[in-house]
Amino acid sequence: MHPCTRDVFNHFKSPWFFFDSKDEYEQLFRNHGFDIIYSELREESNLFSVEQAYKIYQSGAENGYLNQSFYTVTLTDNYISTFRELVKEALQEQADNSGMINLKFERIYLVAKKTMNFQPSNPCMLT
């Protein structure tokens, strides 16, 4: 963790959760009244320029990492701009000699159908 962002980032609560297997994702859906038709957990890998990789970061991850809702302290403009610069630097450091980064994503592909008349075992469970 970088010393310029450490104090604030220590108050970050991740909005994401990740499972280790497709079976765990399937179970989450089954617990909420879905029948699984298809699922696959796949690692995808693609080459991107540093600029492209940063745009990908901005389109997704940044919405979590720089969202006030996920911090227990107030984010300042200085923190946000420093965080962005650190991400750019980290991406630059990962680039190969041709300026490309091999971005890897693990994705779950899941098709499910809602079970008719599903009754949760826990009446407080949202469906």
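This is a predicted model: local features need pLDDT of at least 70, side-chain atom pairs count only at pLDDT 80 or more; totals for chains, interfaces and linings use all residues.

User: Is S39 buried or exposed?
Analyst: S39 counts as buried because its relative accessibility is 10%, and the cut-off for buried is under 20%.

User: Which side chain does the side chain of S39 make a polar contact with?
Analyst: That would be the side chain of E26, at 2.2 Å.

User: And which residues does S39 touch, leaving out those up to four places away in sequence?
Analyst: S39 touches K22, E26, Y109 and L110.

User: Y109 has a ring. Which charged end sits over the ring of Y109?
Analyst: The charged end of R42 does, 4.3 Å from the ring centre. There is also K88, whose charged end sits over the ring of Y54, 5.0 Å from the centre.

User: Switching to aromatics, how many aromatic pairs are there?
Analyst: The count is 14 aromatic pairs. One of them joins Y71 and Y79 edge-to-face, with 5.8 Å from centre to centre and 75° between the planes.

User: Why does that pair get both a distance and an angle?
Analyst: A pair of aromatic rings is described by how far apart the centres are and by the angle of the planes.

User: Are Y71 and Y79 buried or exposed?
Analyst: Y71 counts as buried at 6% relative accessibility, and Y79 counts as buried at 5%.

User: Which residues do ring pairs link into a cluster?
Analyst: The cluster consists of F9, F12, W16, Y65, Y71, Y79 and F83, linked by ring pairs.

Notes. Residues are numbered from 1 along each chain as its sequence is written. Side-chain values use heavy atoms; hydrogens and water are left out. Rings of Phe, Tyr and Trp (its six-membered ring) pair if their centres lie within 6.5 Å; planes under 30 degrees apart count as stacked, over 60 as edge-to-face and the rest as tilted. Buried means under 20% relative accessible area, exposed over 50%, partly exposed in between (1.4 Å probe, protein chains only). A charge sits over a ring if NZ of Lys or CZ of Arg is within 6 Å of the ring centre and within 35 degrees of the ring normal. A polar contact is a pair of N or O atoms within 3.5 Å; within protein, one must be able to donate a hydrogen and the other to accept it, and residues adjacent in sequence count only if both atoms are side-chain atoms. Contact means heavy atoms within 4.5 Å.
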